[in-house]
Amino acid sequence: MWDSKFKQALPILEKIESAGYQAFFVGGSVRNCILAISITDVDIATSASPAVIQELFPKVIPVGIEHGTVIVRQDRQSFEVTTFRSEGSYSDKRHPDQVTFITDIDMDLSRRDFTMNALAMDRHGDIRDPFDGQTDIHNKKIRTVGNPTDRFMEDPLRMMRAFRFVSQLGFTIEADTLMAVKSSIDWIDSLAVERLAKELEKLFAGGYYMEAIGLCSEVNLWGYLPVFNEIADVSAILGNISAPFNRLYEVFTYIKLTHPAISIKDMIKKWKQSNQTYHATSQLVEAMDVYKKAGLTNWLVYQLPSERYDSFIRLVKVLLAEQISIHQLNQVETSLPIKNRQMIDFSGNDLIHIYPNRSKGPWLQTYLNEIEYAIVANELANNYTEIKEWVMKWHPPEIE
Ligand code: ATP
Ligand code: MG
(Lines give C-alpha, C1' and ligand atoms only; values in the text may rest on other atoms or scores of the structure.)
(Ligands and ions follow the chains in the order given, each with its own letter.)
Protein backbone atom coordinates (compact mmCIF):
# COMPACT_ATOMS: atom_id res chain seq x y z
CA MET A 1 0.00 0.00 0.00
CA TRP A 2 1.15 3.52 -0.75
CA ASP A 3 2.01 5.74 2.15
CA SER A 4 -0.62 8.43 2.68
CA LYS A 5 2.04 11.07 2.00
CA PHE A 6 2.35 9.79 -1.58
CA LYS A 7 -1.40 9.92 -1.97
CA GLN A 8 -1.45 13.53 -0.79
CA ALA A 9 1.25 14.41 -3.29
CA LEU A 10 -0.30 12.56 -6.22
CA PRO A 11 -2.40 15.52 -7.44
CA ILE A 12 0.82 17.53 -7.76
CA LEU A 13 2.34 14.93 -10.09
CA GLU A 14 -0.90 14.73 -12.08
CA LYS A 15 -1.14 18.48 -12.50
CA ILE A 16 2.47 18.79 -13.69
CA GLU A 17 2.00 15.92 -16.13
CA SER A 18 -1.24 17.29 -17.53
CA ALA A 19 0.66 20.50 -18.29
CA GLY A 20 2.98 18.39 -20.47
CA TYR A 21 5.96 17.89 -18.15
CA GLN A 22 7.40 14.90 -16.30
CA ALA A 23 7.24 14.51 -12.54
CA PHE A 24 8.46 11.78 -10.18
CA PHE A 25 8.74 11.00 -6.53
CA VAL A 26 12.46 10.87 -5.69
CA GLY A 27 14.91 10.49 -2.84
CA GLY A 28 14.25 9.08 0.60
CA SER A 29 10.52 8.61 0.06
CA VAL A 30 11.06 6.05 -2.70
CA ARG A 31 13.87 4.36 -0.77
CA ASN A 32 11.74 4.07 2.36
CA CYS A 33 8.75 2.90 0.35
CA ILE A 34 10.83 -0.04 -0.94
CA LEU A 35 12.03 -0.70 2.61
CA ALA A 36 8.42 -0.49 3.84
CA ILE A 37 9.37 2.02 6.52
CA SER A 38 7.80 5.40 7.27
CA ILE A 39 8.46 8.37 5.04
CA THR A 40 9.68 11.68 6.43
CA ASP A 41 9.08 13.91 3.43
CA VAL A 42 8.07 13.42 -0.16
CA ASP A 43 10.45 15.08 -2.62
CA ILE A 44 9.32 15.60 -6.19
CA ALA A 45 11.56 16.00 -9.25
CA THR A 46 10.21 17.51 -12.44
CA SER A 47 11.22 18.58 -15.93
CA ALA A 48 9.18 21.78 -15.45
CA SER A 49 11.14 24.90 -14.53
CA PRO A 50 10.52 26.64 -11.21
CA ALA A 51 8.75 29.42 -13.13
CA VAL A 52 6.32 26.89 -14.62
CA ILE A 53 5.66 25.36 -11.19
CA GLN A 54 4.95 28.83 -9.83
CA GLU A 55 2.38 29.34 -12.57
CA LEU A 56 0.75 25.94 -12.14
CA PHE A 57 0.16 26.07 -8.37
CA PRO A 58 -1.50 28.79 -6.31
CA LYS A 59 0.78 28.49 -3.27
CA VAL A 60 4.48 28.20 -4.06
CA ILE A 61 7.32 29.25 -1.76
CA PRO A 62 10.58 29.94 -3.62
CA VAL A 63 12.95 28.46 -1.02
CA GLY A 64 15.90 27.68 -3.24
CA ILE A 65 14.84 28.88 -6.63
CA GLU A 66 18.43 29.34 -7.89
CA HIS A 67 18.96 25.61 -7.32
CA GLY A 68 15.58 24.83 -8.86
CA THR A 69 13.75 24.07 -5.62
CA VAL A 70 10.38 25.46 -4.61
CA ILE A 71 7.88 24.32 -2.02
CA VAL A 72 4.36 23.62 -3.20
CA ARG A 73 1.75 23.95 -0.46
CA GLN A 74 -1.16 21.61 -0.81
CA ASP A 75 -3.79 20.76 1.83
CA ARG A 76 -1.59 22.46 4.46
CA GLN A 77 1.33 20.16 3.58
CA SER A 78 4.64 21.15 2.02
CA PHE A 79 6.21 19.33 -0.89
CA GLU A 80 9.66 20.15 -2.24
CA VAL A 81 9.56 20.28 -6.01
CA THR A 82 12.95 20.43 -7.71
CA THR A 83 13.60 20.84 -11.40
CA PHE A 84 15.79 18.11 -12.94
CA ARG A 85 19.31 19.43 -12.79
CA SER A 86 22.92 18.54 -13.24
CA GLU A 87 25.53 20.06 -11.03
CA GLY A 88 28.85 21.59 -11.90
CA SER A 89 31.87 21.42 -9.63
CA TYR A 90 31.72 22.33 -5.95
CA SER A 91 34.73 24.60 -5.54
CA ASP A 92 33.59 25.75 -2.08
CA LYS A 93 32.49 22.23 -1.10
CA ARG A 94 29.11 23.71 -0.12
CA HIS A 95 27.08 24.62 -3.16
CA PRO A 96 27.58 23.55 -6.71
CA ASP A 97 29.17 26.41 -8.68
CA GLN A 98 26.50 26.19 -11.29
CA VAL A 99 23.29 24.33 -11.69
CA THR A 100 22.00 23.45 -15.13
CA PHE A 101 18.38 22.57 -15.59
CA ILE A 102 17.88 19.51 -17.77
CA THR A 103 15.01 17.41 -19.09
CA ASP A 104 16.33 13.91 -18.45
CA ILE A 105 15.41 12.23 -15.16
CA ASP A 106 18.31 9.74 -15.42
CA MET A 107 20.79 12.62 -15.59
CA ASP A 108 19.16 14.11 -12.53
CA LEU A 109 19.44 10.78 -10.71
CA SER A 110 23.14 10.59 -11.57
CA ARG A 111 23.95 13.70 -9.48
CA ARG A 112 22.44 12.10 -6.37
CA ASP A 113 24.58 10.82 -3.52
CA PHE A 114 23.86 7.11 -3.14
CA THR A 115 22.36 4.45 -5.37
CA MET A 116 19.58 3.89 -2.82
CA ASN A 117 18.68 7.59 -3.16
CA ALA A 118 18.95 7.67 -6.95
CA LEU A 119 15.52 6.17 -7.56
CA ALA A 120 12.48 7.81 -9.10
CA MET A 121 8.90 6.58 -9.00
CA ASP A 122 6.13 7.79 -11.28
CA ARG A 123 2.48 8.21 -10.35
CA HIS A 124 1.70 4.61 -11.34
CA GLY A 125 4.34 3.27 -8.96
CA ASP A 126 6.81 2.38 -11.74
CA ILE A 127 10.39 2.80 -10.63
CA ARG A 128 13.39 4.14 -12.55
CA ASP A 129 16.59 2.75 -11.16
CA PRO A 130 19.57 3.39 -13.48
CA PHE A 131 22.21 2.59 -10.81
CA ASP A 132 20.70 -0.61 -9.44
CA GLY A 133 19.80 1.02 -6.16
CA GLN A 134 17.16 -1.60 -5.45
CA THR A 135 19.80 -4.33 -5.27
CA ASP A 136 21.83 -2.22 -2.84
CA ILE A 137 18.72 -1.58 -0.77
CA HIS A 138 18.07 -5.29 -0.74
CA ASN A 139 21.65 -5.95 0.40
CA LYS A 140 21.54 -3.03 2.83
CA LYS A 141 24.52 -1.33 1.20
CA ILE A 142 25.34 2.35 0.95
CA ARG A 143 27.18 2.92 -2.30
CA THR A 144 27.90 6.20 -4.07
CA VAL A 145 26.61 6.86 -7.55
CA GLY A 146 29.88 6.81 -9.49
CA ASN A 147 33.42 7.05 -8.14
CA PRO A 148 33.21 7.54 -4.37
CA THR A 149 36.32 9.70 -3.99
CA ASP A 150 35.13 12.04 -6.75
CA ARG A 151 31.68 12.25 -5.22
CA PHE A 152 33.07 12.97 -1.74
CA MET A 153 35.40 15.60 -3.14
CA GLU A 154 32.45 17.33 -4.83
CA ASP A 155 30.57 17.40 -1.55
CA PRO A 156 32.12 15.90 1.60
CA LEU A 157 28.75 16.14 3.37
CA ARG A 158 27.90 12.91 1.57
CA MET A 159 30.21 11.07 4.00
CA MET A 160 28.29 12.51 6.90
CA ARG A 161 25.04 11.52 5.20
CA ALA A 162 26.37 7.98 4.79
CA PHE A 163 26.98 7.78 8.57
CA ARG A 164 23.49 9.03 9.37
CA PHE A 165 21.96 6.54 6.95
CA VAL A 166 23.91 3.78 8.73
CA SER A 167 22.23 5.01 11.91
CA GLN A 168 18.73 5.38 10.47
CA LEU A 169 18.61 2.32 8.25
CA GLY A 170 21.06 -0.15 9.76
CA PHE A 171 22.86 -0.41 6.40
CA THR A 172 26.61 -0.81 6.03
CA ILE A 173 28.86 1.17 3.72
CA GLU A 174 29.94 -0.79 0.67
CA ALA A 175 33.68 -1.65 0.65
CA ASP A 176 34.93 0.74 -2.08
CA THR A 177 32.79 3.56 -0.74
CA LEU A 178 34.13 2.92 2.78
CA MET A 179 37.71 2.92 1.55
CA ALA A 180 37.09 6.32 -0.06
CA VAL A 181 35.52 7.60 3.18
CA LYS A 182 38.65 6.64 5.09
CA SER A 183 40.96 8.47 2.74
CA SER A 184 38.69 11.51 2.31
CA ILE A 185 37.50 12.08 5.88
CA ASP A 186 39.65 15.18 6.42
CA TRP A 187 37.55 17.05 3.83
CA ILE A 188 34.83 17.16 6.48
CA ASP A 189 36.44 20.21 8.06
CA SER A 190 35.77 22.26 4.93
CA LEU A 191 32.00 21.99 5.47
CA ALA A 192 29.67 24.56 6.98
CA VAL A 193 28.86 23.42 10.53
CA GLU A 194 25.15 24.13 10.05
CA ARG A 195 25.01 21.43 7.36
CA LEU A 196 27.00 19.03 9.52
CA ALA A 197 24.78 19.69 12.52
CA LYS A 198 21.62 18.60 10.70
CA GLU A 199 23.15 15.26 9.74
CA LEU A 200 24.77 14.80 13.16
CA GLU A 201 21.44 15.28 14.91
CA LYS A 202 19.89 12.55 12.75
CA LEU A 203 22.91 10.32 13.36
CA PHE A 204 22.47 10.35 17.15
CA ALA A 205 18.72 9.80 16.78
CA GLY A 206 18.77 6.73 14.56
CA GLY A 207 17.83 3.23 15.67
CA TYR A 208 21.30 1.97 14.72
CA TYR A 209 23.15 4.90 16.31
CA MET A 210 25.57 2.50 18.05
CA GLU A 211 26.78 1.07 14.75
CA ALA A 212 27.05 4.59 13.33
CA ILE A 213 29.04 5.90 16.32
CA GLY A 214 31.36 2.89 16.10
CA LEU A 215 31.90 3.54 12.41
CA CYS A 216 32.55 7.26 12.97
CA SER A 217 35.15 6.34 15.58
CA GLU A 218 36.72 3.86 13.18
CA VAL A 219 37.15 6.48 10.45
CA ASN A 220 38.06 9.21 12.98
CA LEU A 221 35.19 11.51 12.05
CA TRP A 222 35.30 13.04 15.55
CA GLY A 223 38.75 14.47 14.87
CA TYR A 224 37.18 16.79 12.27
CA LEU A 225 34.11 17.95 14.21
CA PRO A 226 34.22 21.04 16.44
CA VAL A 227 34.07 20.30 20.18
CA PHE A 228 34.27 16.53 19.60
CA ASN A 229 37.87 17.04 18.49
CA GLU A 230 38.69 18.54 21.89
CA ILE A 231 37.55 15.48 23.82
CA ALA A 232 40.43 13.12 24.50
CA ASP A 233 38.33 10.01 25.14
CA VAL A 234 35.67 10.85 22.56
CA SER A 235 35.17 7.31 21.18
CA ALA A 236 34.72 5.85 24.67
CA ILE A 237 32.40 8.64 25.79
CA LEU A 238 30.15 8.35 22.73
CA GLY A 239 30.35 4.57 22.83
CA ASN A 240 28.78 4.71 26.30
CA ILE A 241 25.54 6.28 25.08
CA SER A 242 22.92 3.67 25.88
CA ALA A 243 19.93 5.11 23.99
CA PRO A 244 19.48 7.38 20.97
CA PHE A 245 19.33 11.15 21.54
CA ASN A 246 16.59 12.89 19.61
CA ARG A 247 17.98 16.38 19.56
CA LEU A 248 21.40 17.95 19.24
CA TYR A 249 20.92 19.78 22.56
CA GLU A 250 20.66 16.39 24.28
CA VAL A 251 24.06 15.51 22.83
CA PHE A 252 25.42 18.87 24.00
CA THR A 253 24.01 18.24 27.49
CA TYR A 254 25.65 14.81 27.51
CA ILE A 255 29.00 16.34 26.53
CA LYS A 256 28.72 19.11 29.12
CA LEU A 257 27.91 16.68 31.92
CA THR A 258 30.69 14.27 31.02
CA HIS A 259 33.16 17.14 30.39
CA PRO A 260 32.29 20.02 32.73
CA ALA A 261 35.26 22.09 31.52
CA ILE A 262 33.59 22.56 28.12
CA SER A 263 31.37 25.65 28.12
CA ILE A 264 27.85 25.47 26.74
CA LYS A 265 28.21 28.90 25.11
CA ASP A 266 31.37 27.76 23.36
CA MET A 267 29.69 24.59 22.06
CA ILE A 268 26.72 26.55 20.69
CA LYS A 269 29.03 29.09 19.08
CA LYS A 270 31.28 26.53 17.43
CA TRP A 271 28.26 24.67 16.05
CA LYS A 272 26.50 27.95 15.14
CA GLN A 273 23.32 26.84 16.85
CA SER A 274 20.40 29.03 17.92
CA ASN A 275 19.69 30.72 21.24
CA GLN A 276 16.88 28.24 21.64
CA THR A 277 19.36 25.35 21.50
CA TYR A 278 21.49 27.22 24.04
CA HIS A 279 18.55 27.57 26.43
CA ALA A 280 17.45 23.98 25.98
CA THR A 281 20.99 22.76 26.78
CA SER A 282 21.26 25.01 29.84
CA GLN A 283 17.84 23.94 31.14
CA LEU A 284 18.71 20.27 30.79
CA VAL A 285 22.15 20.64 32.37
CA GLU A 286 20.55 22.48 35.30
CA ALA A 287 17.80 19.87 35.64
CA MET A 288 20.35 17.04 35.62
CA ASP A 289 22.41 18.79 38.31
CA VAL A 290 19.35 19.19 40.54
CA TYR A 291 18.30 15.60 39.89
CA LYS A 292 21.72 14.24 40.85
CA LYS A 293 21.68 16.18 44.12
CA ALA A 294 18.07 15.94 45.19
CA GLY A 295 16.06 13.72 42.83
CA LEU A 296 12.81 14.67 41.14
CA THR A 297 12.04 17.74 43.21
CA ASN A 298 9.29 20.31 42.77
CA TRP A 299 11.92 22.89 41.88
CA LEU A 300 13.36 20.76 39.09
CA VAL A 301 9.97 20.18 37.48
CA TYR A 302 8.91 23.80 38.01
CA GLN A 303 11.95 25.04 36.11
CA LEU A 304 11.94 22.50 33.31
CA PRO A 305 9.52 23.33 30.47
CA SER A 306 7.28 20.35 29.70
CA GLU A 307 8.55 20.17 26.12
CA ARG A 308 11.93 19.11 27.59
CA TYR A 309 10.53 16.19 29.62
CA ASP A 310 11.32 13.59 26.95
CA SER A 311 14.90 14.82 26.61
CA PHE A 312 15.33 14.85 30.38
CA ILE A 313 14.08 11.25 30.68
CA ARG A 314 16.54 10.13 28.00
CA LEU A 315 19.45 11.92 29.68
CA VAL A 316 18.65 10.41 33.09
CA LYS A 317 18.60 7.02 31.45
CA VAL A 318 21.88 7.47 29.58
CA LEU A 319 23.85 9.34 32.24
CA LEU A 320 22.56 7.71 35.41
CA ALA A 321 21.07 4.43 34.18
CA GLU A 322 17.83 5.37 35.93
CA GLN A 323 14.34 5.12 34.56
CA ILE A 324 11.82 7.86 35.19
CA SER A 325 8.47 8.13 33.45
CA ILE A 326 6.59 10.99 31.89
CA HIS A 327 3.81 10.09 34.32
CA GLN A 328 6.08 10.84 37.30
CA LEU A 329 7.00 14.21 35.84
CA ASN A 330 3.38 15.06 35.09
CA GLN A 331 2.36 14.09 38.61
CA VAL A 332 4.91 16.42 40.17
CA GLU A 333 3.88 19.16 37.76
CA THR A 334 0.21 18.83 38.66
CA SER A 335 1.01 19.02 42.36
CA LEU A 336 3.03 22.25 42.08
CA PRO A 337 1.57 25.07 44.19
CA ILE A 338 2.35 27.57 41.43
CA LYS A 339 3.17 27.14 37.73
CA ASN A 340 5.03 30.42 37.25
CA ARG A 341 6.07 33.52 39.15
CA GLN A 342 3.08 35.54 37.94
CA MET A 343 0.98 33.32 40.21
CA ILE A 344 2.81 34.45 43.38
CA ASP A 345 0.48 36.39 45.67
CA PHE A 346 3.16 38.98 46.33
CA SER A 347 4.95 41.52 44.15
CA GLY A 348 8.01 43.75 44.00
CA ASN A 349 5.77 46.67 45.05
CA ASP A 350 4.69 44.76 48.15
CA LEU A 351 8.38 44.39 49.04
CA ILE A 352 9.03 48.11 48.56
CA HIS A 353 6.13 48.69 50.92
CA ILE A 354 7.79 46.62 53.66
CA TYR A 355 11.18 48.25 53.16
CA PRO A 356 10.26 51.88 52.37
CA ASN A 357 13.73 53.22 53.17
CA ARG A 358 15.59 51.08 50.69
CA SER A 359 16.25 52.17 47.16
CA LYS A 360 15.41 49.80 44.35
CA GLY A 361 18.17 47.30 43.62
CA PRO A 362 19.11 43.67 43.10
CA TRP A 363 17.84 42.79 46.61
CA LEU A 364 14.29 42.91 45.20
CA GLN A 365 15.02 40.13 42.74
CA THR A 366 16.89 38.10 45.36
CA TYR A 367 13.95 38.27 47.78
CA LEU A 368 11.44 37.41 45.07
CA ASN A 369 13.58 34.42 44.06
CA GLU A 370 13.67 33.23 47.68
CA ILE A 371 9.89 33.57 47.95
CA GLU A 372 9.39 31.72 44.68
CA TYR A 373 11.66 28.87 45.73
CA ALA A 374 10.05 28.52 49.17
CA ILE A 375 6.54 28.41 47.67
CA VAL A 376 7.48 25.87 44.99
CA ALA A 377 9.23 23.69 47.61
CA ASN A 378 6.08 23.81 49.76
CA GLU A 379 7.95 25.60 52.54
CA LEU A 380 5.70 28.62 52.30
CA ALA A 381 2.01 29.03 51.42
CA ASN A 382 1.16 31.22 48.42
CA ASN A 383 -0.74 33.71 50.51
CA TYR A 384 -0.04 37.44 50.87
CA THR A 385 -0.07 37.57 54.68
CA GLU A 386 2.08 34.50 55.13
CA ILE A 387 4.58 35.63 52.54
CA LYS A 388 4.83 39.03 54.21
CA GLU A 389 5.50 37.47 57.63
CA TRP A 390 8.00 35.04 56.12
CA VAL A 391 10.02 37.78 54.40
CA MET A 392 10.05 39.98 57.47
CA LYS A 393 11.21 37.03 59.58
CA TRP A 394 14.17 36.27 57.30
CA HIS A 395 14.93 39.89 56.45
CA PRO A 396 13.89 42.05 59.39
CA PRO A 397 13.24 45.61 58.18
CA GLU A 398 15.85 48.15 59.31
CA ILE A 399 14.76 50.23 62.28
CA GLU A 400 14.86 53.96 61.55
P1 ATP B 1 15.18 11.63 4.50
O2 ATP B 1 14.34 10.41 4.52
O3 ATP B 1 15.88 11.89 5.77
O4 ATP B 1 14.47 12.83 3.96
P5 ATP B 1 16.55 11.72 1.98
O6 ATP B 1 17.37 10.69 1.28
O7 ATP B 1 15.26 12.09 1.35
O8 ATP B 1 16.35 11.25 3.47
P9 ATP B 1 17.15 14.52 1.81
O10 ATP B 1 18.17 15.31 2.56
O11 ATP B 1 15.72 14.81 1.99
O12 ATP B 1 17.46 12.99 2.15
O13 ATP B 1 17.54 14.65 0.28
C14 ATP B 1 16.67 14.23 -0.75
C15 ATP B 1 17.47 13.56 -1.88
O16 ATP B 1 18.35 14.53 -2.46
C17 ATP B 1 18.38 12.43 -1.45
O18 ATP B 1 17.69 11.21 -1.38
C19 ATP B 1 19.41 12.44 -2.55
O20 ATP B 1 18.92 11.84 -3.72
C21 ATP B 1 19.58 13.92 -2.83
N22 ATP B 1 20.65 14.54 -2.02
C23 ATP B 1 20.53 15.14 -0.83
N24 ATP B 1 21.70 15.64 -0.41
C25 ATP B 1 22.60 15.33 -1.37
C26 ATP B 1 24.00 15.58 -1.52
N27 ATP B 1 24.70 16.22 -0.59
N28 ATP B 1 24.58 15.12 -2.66
C29 ATP B 1 23.87 14.47 -3.61
N30 ATP B 1 22.57 14.20 -3.52
C31 ATP B 1 21.93 14.64 -2.41
MG1 MG C 1 13.93 13.58 1.99
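Reply: A polar atom in the side chain of R158 is placed 2.7 Å from a nitrogen atom of ligand 1; such a polar contact is a pair of N or O atoms within 3.5 Å, and within protein one must be able to donate a hydrogen and the other to accept it, while residues adjacent in sequence count only if both atoms are side-chain atoms. This is a predicted model, in which local features need pLDDT of at least 70 and side-chain atom pairs count only at pLDDT 80 or more, whereas totals for chains, interfaces and linings use all residues. Residues are numbered from 1 along each chain as its sequence is written, chains are lettered from A and ligands numbered from 1 in the order in which they are written, and side-chain values use heavy atoms, with hydrogens and water left out.

Two further polar contacts involve oxygen atoms of the ligand. R112 brings a polar side-chain atom to 3.1 Å from an oxygen of ligand 1, and N117 has a polar backbone atom 3.1 Å from an oxygen of ligand 1. Taken alone, the ligand exposes 590 Å², of which the protein buries 84% (areas by the Shrake-Rupley method with a 1.4 Å probe; for residues, only the protein chains shown count as cover). There are 15 residues around ligand 1, and those that come nearest are G28, R31, D155, R158 and R164; a residue is near if one of its heavy atoms lies within 4 Å.

Side chains of opposite charge can pair when their charged atoms come close. R164 forms a salt bridge with E199, the closest N and O atoms lying 2.5 Å apart (a salt bridge is a side-chain nitrogen of Lys or Arg within 4 Å of a carboxyl oxygen of Asp or Glu). Because R164 lies in helix 7 and E199 in helix 9 (residues 193–205), the pair ties together parts that are 35 residues apart in sequence. Helices (H or I, at least four residues) and strands (E, at least two) are DSSP runs, numbered from the N terminus. R164 and E199 are both buried, where buried means under 20% relative accessible area, exposed over 50% and partly exposed in between (1.4 Å probe, protein chains only). The two residues also belong to a salt-bridge network that includes D113 and R161.

R247 and E201 meet through their side chains in a salt bridge of 3.2 Å, N to O. E201 is in helix 9, while R247 is in the loop between helix 11 (234–239) and helix 12 (248–258), 46 residues apart. R247, at 39% relative accessibility, counts as partly exposed, and E201, at 23%, is likewise partly exposed. A salt bridge of 3.3 Å, N to O, joins R111 and D108; D108 is buried at 0% relative accessibility, and R111 is buried at 14%. The structure holds 18 salt bridges.

S38 belongs to the loop between helix 2 and strand 2 and is exposed, at 58% relative accessible area. Beyond residues up to four places away in sequence, I39 touches D3, K5, F6, S29 and N32, contact meaning heavy atoms within 4.5 Å. S29 is part of helix 2 and is buried at 0% relative accessible area. A polar atom of the S29 side chain lies 3.2 Å from the backbone oxygen of V26.

The largest nonpolar core has 99 residues, and F163, W222, F228 and F312 have the most contacts inside it; a nonpolar core is a set of buried Ala, Val, Leu, Ile, Met, Phe, Trp, Tyr and Cys residues joined through side-chain atoms within 4.5 Å. Helix 7 (residues 157–169) gives the most to this core, with eight residues. A second, separate core of 21 residues includes I354, Y367, I371 and I387.
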